[in-house]
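Here is a short report on a structure, written for a first reading. Keep the model open beside the text and find each part as it comes up.

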Amino acid sequence: MKFIKKIKTMFNLEKIRSDFKILSEKDSNNIPIYFDSACMSLKPNSVIEAMNDYYFKFPACGGRSSHKMGELVTKKIKNTREIIAKFINARNENEIIFTRNTTEGINLLANSIDFNNGDIVLITEKEHNSNLVPWLYLREKKGIIVKTIPLNDDNTFNFEKFLELVKGVKLVSVGYTSNLDGVSVPVKEIIEVAHKNGALVCLDAAQTVLHERINVKNLDVDFLVFSGHKMLGPTGTGVLYGKYELLDKLSAFILGGDTVEYTTYSDYKLLPVPERFEAGLADYAGIIGLGEAVRYLNEIDFNDIKKHELELNSYITEELLKLPNIKIIGPSDPSKRGGIINFYIEGVDMHKIALMLDNMANVSIRSGQHCVHSWFNNKNIKNSARISIAFYNTKKEAEILISNLNKIIKII
Amino acid sequence: MPCVIALIIFSILGIFSASHRSLAKEAFDCVFKRITLRPCNSGFKEKIKSKVLSKLIDRSVFLTRIVNKHYELLSWIFFILMFGSMAWVIYGGYNFYVYGSCNGLNESGFCAFDPSGKNNKISEVNAECGITQKSSDKLTLNDVDLSSFPTKNITNAKDSIVFIGCYACDYSRKAYPDIQKLITSKKTNFVFAHFPAKGDTTFLEEVGYCVYKDYKEKYWDFNNYLFTEDKDFILDKANINEILGSFNFDVEKVNECANSIETKNIVEKQVEELKKTGLYGTPTIFINGKAFVGPKPYRVYRSAINKFIFF
């Protein structure tokens, strides 16, 4: 498959916001100031329309029914697989397995890789529960060893410790970009070292796909998982990418309809990858919507996205640090934190701040432990408030956020 | 503590609004957890607190800071005030049901359930009568001789009612039918006394005395007539003969009796006896010795006779 370069449209924020119904309401009071894209991105109208098209015009089964509507669904699903493969520069669409989300992708791997007693899985100290709990479960179930790579003081990836721990590891499974602090790990180097040590590498790219162009071929990554709902797509959609030869060696996890070529009363023959991993009737509307989300993202230059997000992150970081007692999780340099500014104040329940922002100015941020309980428990920090930026956010929104935060800090 | 307040308030608001209903459920969940000695970790408290603070912060940062700092204490204060006012409202409701006024028997202060105060309106007895005090506590039948007043005695009756009213008083006319209904349904003893609180009605008292003296049974129909017929008609002295005639009374004899010195003395004595009750307005109704001033709803009179208020 050729990686076709497209001419990107200019980064026009006004035009972009007009593509999102929720951001282009006539009454500006009804427009939310949404800084929780790390949890759930907003959806452009085209994604919703694509899903509606499925339900209104061809709500049929794909891959099995031979009537016109069925054929159209099959074609749309195949097309989405191709678009996604091209989006991350996979070798072909058969390396794309549709899942419900990142969590399901990692669980599929955990249950399909031939793990044995004593096999080592290496993760970092700030993994999302989705990239922690499946391995801890396998430790109980199969006796694998789960090792964690300690972080640097500023929460960044400690490469020296990684070099010490990588020997003898079967799988290195790390978050490409952390949902805790927005820091991306040096994936290229990690993958090189891991491969030299005979380890496979799985990247949790849930927090990366909306902010950075991923090229799986260049990275030479073995497995990569991400969610649709964090990259403008519908909820309940996700992708597991894997090198075809590796996917082909995995044992099946969930079996049933759509995973087999034929069955007898005593035998069955599995379909090839990727179908064998996509049991049951798929979320066709969701997958078609995901395809549309990728198509939308393909129209925007990721360099522009990165530049815009850095500008907002720099402003928010600078203003936040002027406030008393605020501690930002991760490095203070915003350029190292992608689109995330996660902060806390000792002794303060950060839920209160998030709730007040919501009540005062319709500003949505997330508070809590962000599914990284292990890190919070280890640091003995109760919770934090996370501001996560996406390319559709504006400087004006950031200013409103800061001015309201200023007020709140004064009363706490 | 804020959860308890929220549960009560949102439960009431939830009757009318679905969004408050869900908040009431959250509050209930929180209260239930606390009652069962579990931590309320639903975040409900913070949710409500942040709503309060968010509303305040644009008005006064200082005030918001105080509320934030002393939220628990303020919640307790509001909790106590709320329960205090709730108890007060319940007490007021009880008073209104039993006495026709939120403030208690014969109290005429503002009552939300009876904003016009119609249950306590009276025809005030003027100062000329020498009756100035208005405390219903002093109303009494002790040492009042009622023997000369029209009386209905029921054998074995446990309850007794004394109705002091005025034919010219609208409030007496309003209460009179209810009292008649009560004495019929509860089979009570009954004493009727006319007190000329308004206008020149002494002649009716004199006529009434004479009718009762000679026509004990028919007197009550005559009395009912005076309380129910057109007021202007019955208060016009020129019509009295026509009225007496309509009841087939001996008009001449009744007039002779009413105009006699003896009757006038007795009627005067009756008024003096009634003044001993301390009455300050009509109607004043004594039910088993307890005074009810003003036209109360029927249930109030009935409650005074009922053994357990409601039955």
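## Buried share of chain B

Of the 311 residues of chain B, what percentage count as buried? The share is 33%. A residue is buried if 20 or more other C-beta atoms lie within 10 Å of its own, exposed if 12 or fewer, and partly exposed in between, with C-beta atoms placed from the backbone.

This is a predicted model: local features need pLDDT of at least 70, side-chain atom pairs count only at pLDDT 80 or more, and totals for chains, interfaces and linings use all residues. Residues are numbered from 1 along each chain as its sequence is written, while chains are lettered from A and ligands numbered from 1 in the order in which they are written.

## Chain B as a whole

Chain B has 13 helices and 7 strands. Helices (H or I, at least four residues) and strands (E, at least two) are DSSP runs, numbered from the N terminus. The radius of gyration of chain B is 29 Å, well over the 19 Å that the globule rule gives for 311 residues, so chain B is more spread out than a compact globule. That radius is taken over C-alpha atoms, and the rule is 2.2 Å times the number of residues to the power 0.38.

The C-alpha trace of chain B spans about 90 × 40 × 35 Å along its principal axes. Now take its contacts with a separation of 6 or more: 68% join residues 24 or more positions apart. Two residues are in contact if their C-beta atoms, placed from the backbone, lie within 7 Å.

## Helix pairs in chain B

Look at helix 7 (residues 202–214) and helix 8 (residues 216–228) of chain B. They pack at an angle of about 155°, with their axes 8 Å apart. Axes are lines fitted to C-alpha atoms, for helices over the stretch in contact, and angles run from 0 to 180 degrees between N-to-C directions. The two helices are therefore roughly antiparallel to each other. Angles under 35 degrees count as roughly parallel, over 145 as roughly antiparallel, 65 to 115 as roughly perpendicular and the rest as oblique. Helix 7 of chain B brings B:L204, B:G208, B:V211 and B:Y212 to the contact, and helix 8 of chain B brings B:K216, B:Y219, B:F222, B:N223 and B:L226. By class, this contact has 6 nonpolar, 2 polar and 1 charged residues. Ala, Val, Leu, Ile, Met, Phe, Trp, Tyr, Cys and Pro count as nonpolar, Asp, Glu, Lys and Arg as charged, and the others, Gly among them, as polar.

Next, find helix 1 (residues 2–14) and helix 3 of chain B. Their axes come within 10 Å and cross at roughly 75°. These helices are therefore roughly perpendicular to each other. B:P2, B:C3 and B:A6 of helix 1 meet B:F44, B:K45 and B:I48 of helix 3. The contact divides into 5 nonpolar, no polar and 1 charged residues.

## Where the chains touch

In all, 13 residues of chain B are in contact with 11 residues of chain A. On the chain B side, helix 3 (44–57) and helix 4 (61–69) each give two or more residues. The largest share, 8 residues, comes from helix 3 of chain B. This side has 3 nonpolar, 5 polar and 5 charged residues.

## Chain A as a whole

Chain A has 14 helices and 15 strands. With 412 residues, a compact globule would have a radius of gyration near 22 Å; chain A has 22 Å, which agrees. Its C-alpha trace spans about 70 × 55 × 35 Å along the principal axes. Buried residues make up 45% of chain A.

## A helix and a loop in chain A

Which residues of helix 7 (residues 187–196) of chain A are buried? They are A:V187, A:I190, A:I191 and A:A194. Seen down the axis of helix 7 of chain A, these buried residues fall within an arc of 95°, so they line one face of the helix. The arc is that of the directions from the helix axis to the C-beta atoms. Their cover includes helix 6 (159–165), strand 5 (171–175), strand 6 (200–204) and helix 8 (216–219) of chain A. Just after helix 7 of chain A, A:G198 takes a positive phi of about 75°.

A:D220 lies in the loop between helix 8 and strand 7 (223–227) of chain A. With 15 C-beta neighbours inside 10 Å, A:D220 counts as partly exposed. Not counting residues up to four places away in sequence, A:D220 touches A:I191 and A:H195.
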